[in-house]
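Subject: Structure handover

Hello,

Please find the structure below. My notes on what was found in it follow.

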Amino acid sequence: MWLDGEGAGFVKPILRAVGLAKVYENGDVKTPALQGVDLEVAPGEFTAVAGPSGSGKSTLLHLLGCLDRPTSGETWLGQQRTDQLDDFARARLRLHEIGFVFQAYNLIPVLTALENAAFVLELRGVPKKVRHEKAMAALEALGIADLAHRRPNQLSGGQQQRVAVARALAAEPRVVLADEPTANLDSKTGLALIELMKRLNAERGMTFLFSTHDPRLLEHVNRIVRLEDGRVVADERVGAA
Amino acid sequence: MWALAWRNVWRHKTRSLVAAGAVAAVVLFTLVFFGFVTATTNGMFELLTSESGHLQVIGARAREVQDFDARLIRDAQQVEAALLRELPAVRLRRVLEVPALISGETRARGALIVGVAQDEVLAQRFAQEHVAAGRLPSPGSWDEIALGAALARALQVELGDPVYVFAPGTEGWGAAAYTLVGLLAFPQTAYEIQAAYLSLEGAQELAAPSAVSRLEVHLVPERGVVTDAVIEDAKARAAAALGPAVRVETWREASPDTAAMLDLMDPAMAVFSLLIFVLAGLLVVNTIYLGLVERIREFGVIIAVGADRWRVMRMVLAESLVLVAAGTAVGLLTGGLLLVSWADGFRMPGLDEVLAEAGLPAVLYPAVTPAQVAVTVGFAVATALMAALWPAWVAGRLEPVEAMRHVA
């Protein structure tokens, strides 16, 4: 727990991992991906999980995002312990509390940018008019409102990733988890996307936790959690730009 | 969900068109087949009842005994009068059948002498359908006879020739000479070669004065067709009015084999259609499953962003329903247009005699009932659901992380 900015009291973490371990088994071969990770992320933080390939960044995000189950340890979202929930409860949490941005964009090719951005809201059962308004607002915030009616195959990589971010943002989740969101983008576009996410974090107070192995992006975050071989080797608070 | 399903279905147009086309073909085929089954059933019913009536009044022991005398209704006029008092609006055909020996100048053979007196409408219909040459014996005539054309050929007699009939052991003259006034054609050759028609009075004088073998009752519907319920009601009234001296039978009881066959046609057709739908369903399974395999990553993302397993299963089912609905709509439309185009009757060229021999009408009037359309659509919906069950189950069990790593 941290003291809040005003020093008025303790802030409860929105994401928490306690002794988190994950071992992938393939036949007799066991591959440890995480080995006893302890981590707390406070609301409104803009945190990067850094480390080389295979260090366990994606696995950590998947476990915290209720996409996978740990071999041992605990995961928490706010006051809710999530690693013991059943599939339906975890799906509900992902739908209502967490926004995801994936490395490969993962847009639905038959939907337009607007429909993709509104997709999570559609799953929530939000009426069409409302969800399109929210999705359009998210696209506008990301500067791609004029591409709203294009399909993914008519967009560049950077534009597709912005739509993916818009999909996460339109649903107004408590936390956005982004797994290497800039990995498929050139450095300029990647940097622009991080700046954009940083701005949304500052304007909306939305919590961002993203993984990256690109050292240039780390200059723009508040906090860097470094992983190596499935362990946290450093947890640095830095002065973001 | 439906819009997404529609777009997903048409991602692979050729594959989806083949599957939807198969469904359309099966729906079309089923609809047309149902139409012809209905037409055949109605046609056979019409043929059967126009030949033998909706009801028959026979001697009380006619079904149990073989003896000619014992099978007769002796007081025919009284029975007829009582019947007409209860059912005044019916048309009657009075029939006396006499087994006899018949001969021309040179040849002889066994025959069935049929004395007939009937309502004018029935007589006209009978003449239209069966008189191949000449005419029927005049009502009340004692010396005119019409023979089945095959029987006339067997006896080597022609119109105007004398024909001799011997019915020994009966209560009439037992023998008489007639002039051949007509040749009759019947679809069943076996009947044509033994049928010899007299007036009822002529037959009664020959073998059984005042008696008949049966009264055929032809109901006249006030509107529409004569239903089984109407027939059963008429039977009950006739039986009550005529008492135990005679037996009243519906056409079903008089021709149980034919009735059973007609009753089986719809269920048999339904089973047959179901089998064809199963084959079409395999194509739908293939289309939906391939669509799933190619989009495993996509389903992984959909699950990752919050869709639960039931939601994913519903999405797959929706795609199958959309695909089958498109095919069903096309099938219903084309099938409906075909049936409408045959509204004035459908005749298979060159098959009239074959159909007639089988007791089927030469001209069919295909039509479908709402129930048959509902069964067709029901089969299509069931096909869509069954075809999607397995792919939907597979999709619902995907683990999002593994699915998003999947490489097609």
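I start in chain B with B:Ala388, which is buried because 29 other C-beta atoms lie within 10 Å. Here a residue counts as buried if 20 or more other C-beta atoms lie within 10 Å of its own, exposed if 12 or fewer, and partly exposed in between, with C-beta atoms placed from the backbone. The model is predicted: local features need pLDDT of at least 70, side-chain atom pairs count only at pLDDT 80 or more, and totals for chains, interfaces and linings use all residues. Residues are numbered from 1 along each chain as its sequence is written, while chains are lettered from A and ligands numbered from 1 in the order in which they are written.

B:Ala388 belongs to helix H14 (residues 370-396) of chain B; helices (H or I, at least four residues) and strands (E, at least two) are DSSP runs, numbered from the N terminus. Leaving aside residues up to four places away in sequence, B:Ala388 touches B:Ile288, B:Val316, B:Leu317 and B:Ser320. Contact means that the C-beta atoms of two residues, placed from the backbone, lie within 7 Å. B:Glu319 is 69 residues from B:Ala388 along the chain, and their C-alpha atoms are separated by 8.3 Å.

Helix H10 (residues 256-294) of chain B has B:Ile288 among its buried residues, which also include B:Phe277, B:Leu283 and B:Leu292. The buried residues of H10(B) pack against H14 and also against helix H1 (2-9), helix H2 (13-52), helix H11 (296-304) and helix H12 (309-341) of chain B. H10(B) has 39 residues and reaches 57 Å from its first C-alpha to its last, close to the 57 Å expected at 1.5 Å a residue (the expected span is 1.5 Å times one less than the number of residues). There is a kink of about 35 degrees at B:Met265, shortly before the proline B:Pro267; the bend at a residue is the angle between axes fitted to the seven residues ending there and the seven starting there.

Also in chain B, helix H3 (residues 76-86) has the buried residues B:Ala76, B:Val79 and B:Leu83. Seen down the axis of H3(B), these fall within an arc of 70 degrees, so they line one face of the helix; the arc is taken over the directions from the helix axis to the C-beta atoms. B:Gln77, B:Ala81 and B:Arg85 are exposed on the other side of H3(B).

Now to chain A, which has seven helices and twelve strands. Of its 241 residues, 48% are buried.

One open sheet in chain A has four strands in the order E4-E3-E6-E7, with antiparallel pairing; two strands pair if DSSP finds at least two bridges between them. Strand E4 (29-41) and strand E7 (80-81) of chain A are at the edges with a single partner strand each, so one side of each is left without a neighbour in the sheet. Helix H1 (residues 57-64) of chain A packs on this sheet, touching strand E3 (15-26), E4 and E6 of chain A.

A second open sheet in chain A has six strands in the order E8-E9-E10-E5-E11-E12, with mixed pairing. Its edge strands are strand E8 (98-101) and strand E12 (231-237) of chain A, each pairing on one side only. Within it, strand E5 (residues 46-50) and strand E11 (residues 223-228) of chain A pair in the parallel sense over four bridges. The bridge partner of A:Ala50 in E11(A) is A:Arg226.

Regards

Terms used: Axes are lines fitted to C-alpha atoms, for helices over the stretch in contact, and angles run from 0 to 180 degrees between N-to-C directions.
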